[in-house]
Amino acid sequence: FVAGSVWITADPLGRSPLGQGLFGGLSLAGAGLATAAVPLLEGSLGWRSSYVTGVLVTAAALALALSTPPLGRGGAAREATPLRSLLADPLLARLGVMHTASFAFSVVLGNWIVTLLTRTIDVSYGTAGIAGGLTLLLGIVGRPLGGWAVRRFHRRRYELLVASLALAAAAGAALAAGGPLAVAVPAAAALGLASGVPFGAAVAAAAASFPRSPGEAIGAMNLYAVTAIIVGTPLVGATFALPGDGRIGFAAVAALTAASIAAVPRAALLRLP
């Protein structure tokens, strides 16, 4: 992921939220491909279906990587920046919080949406899976759409990202409320779409904040999100053993998403191409 994000910065479009949003949407599409392909091949391949498809997709990706031109310097000399300096940077920390509230929290809740719906609404796993799948599917759409919107409405970038985080928080709260399927389905869809919007802006702003070390900056920003996924996924799962069957975990994540709005960096967003 980091290598791909840095590679596309050699192109002017790749340094923009739109380019990073397109890349992010395509990278997330791999999960969508797995969700569609593995069940279809399970009848003929059994438990090997995920491994066989994984090998085939990786082989295709390797062929594409070998056929691409070498990574240029993008007009700026590269240098290594110590991780401690990256983690101490206030702007990168704010971008990390924004990235965590959008990308990481959608992954955490996406892991438990099906379980939540089957326990609180009394629907089948098939129906819950379709509803929960909307979070992943619309996340794929939300990343390039958000990148385009941030580039198109450049004077309203801050307001756009604040609105997307507010919508993601509201969607998480709606799921935590345990309403009927008619509410849960739009909430799952809104969560996926809104969570994808800040992706391109966050990655582009991280790379722009350290133009000589864009890969290190993107990696450090992702450290916040990956840590949140590793810690948050089992913690939300543990709340299913508490009263409410997981509602407490979803409500907590929704509250943290709303609180992250304070971290959105207005000035850094306005400087993006």
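Thr115 lies in helix 5, residues 90-120. Helices here are DSSP runs of H or I with at least four residues, strands are runs of E with at least two, and both are numbered from the N terminus. Thr115 counts as partly exposed because its relative accessibility is 22%. On this scale, buried means under 20% relative accessible area, exposed means over 50%, and partly exposed lies in between (1.4 Å probe, protein chains only). Thr115 and Thr100 are 15 residues apart in sequence and 22 Å apart in space, C-alpha to C-alpha.

This is a predicted model, in which local features need pLDDT of at least 70 and side-chain atom pairs count only at pLDDT 80 or more, while totals for chains, interfaces and linings use all residues. Residues are numbered from 1 along each chain as its sequence is written, and side-chain values use heavy atoms, with hydrogens and water left out.

**Confidence**

pLDDT is the predictor's confidence in each residue, from 0 to 100. The chain has a mean pLDDT of 86, and 94% of its residues reach 70 or more. Among the elements, helix 11 has the highest mean, 97. The lowest, 75, belongs to helix 2, residues 17-45. Where pLDDT is low, the predicted coordinates should not be read in detail.

**Buried residues**

Leu95 also lies in helix 5. Its relative accessibility is 0%, so Leu95 counts as buried. Which residues does Leu95 contact, leaving aside neighbours within four places in sequence? They are Ala202, Ala205, Ala206, Met221 and Pro265. Contact means heavy atoms within 4.5 Å. Leu95 and Val253 are 158 residues apart in sequence and 18 Å apart in space, C-alpha to C-alpha.

Ser260 is in the loop between helix 11 (247-259) and helix 12 (266-270). Ser260 counts as buried because its relative accessibility is 5%. Not counting residues up to four places away in sequence, Ser260 touches Val97, Ala101 and Leu165.

Thr53 belongs to helix 3, residues 49-67. With a relative accessible area of 13%, Thr53 is buried. Its side chain reaches the backbone oxygen of Ser49 at 2.7 Å. Beyond its neighbours within four places in sequence, Thr53 is in contact with Val38 and Leu41.

**Salt bridges**

Side chains of opposite charge can pair when their charged atoms come close. A salt bridge is a side-chain nitrogen of Lys or Arg within 4 Å of a carboxyl oxygen of Asp or Glu. How many does a search of the whole structure find? It finds 2 salt bridges.

| Salt bridge | N to O distance |
|---|---|
| Asp245 and Arg119 | 3.9 Å |
| Arg266 and Glu159 | 3.6 Å |

The Asp245 and Arg119 pair links distant parts of the chain, 126 residues apart. Asp245 is in the loop between helix 10 (214-238) and helix 11, and Arg119 is in helix 5. Asp245 is partly exposed at 30% relative accessibility. Arg119 is partly exposed at 46%.

Why does the pair of Arg266 and Glu159 tie together parts that are 107 residues apart in sequence? Because Arg266 lies in helix 12 and Glu159 in helix 7, residues 157-177. Arg266 is partly exposed, with a relative accessible area of 41%. Glu159 is partly exposed at 36%.

**Rings and charges**

A charge sits over a ring if NZ of Lys or CZ of Arg is within 6 Å of the ring centre and within 35 degrees of the ring normal. Arg143 lies over the face of Phe199, at 4.0 Å from the ring centre.

A pair of aromatic rings is described by the distance of the centres and the angle of the planes. Rings of Phe, Tyr and Trp (its six-membered ring) pair if their centres lie within 6.5 Å; planes under 30 degrees apart count as stacked, over 60 as edge-to-face and the rest as tilted. A search of the whole structure finds 3 aromatic pairs. One of them joins Trp47 and Tyr51, edge-to-face, at 6.0 Å centre to centre and 75° between the planes. Trp47 and Tyr51 are both exposed.

Trp148 and Phe153 have ring centres 5.8 Å apart and planes at 85°, so the pair is edge-to-face. Trp148 is partly exposed at 42% relative accessibility. Phe153 is partly exposed, with a relative accessible area of 42%.

How values were computed: A polar contact is a pair of N or O atoms within 3.5 Å; within protein, one must be able to donate a hydrogen and the other to accept it, and residues adjacent in sequence count only if both atoms are side-chain atoms.
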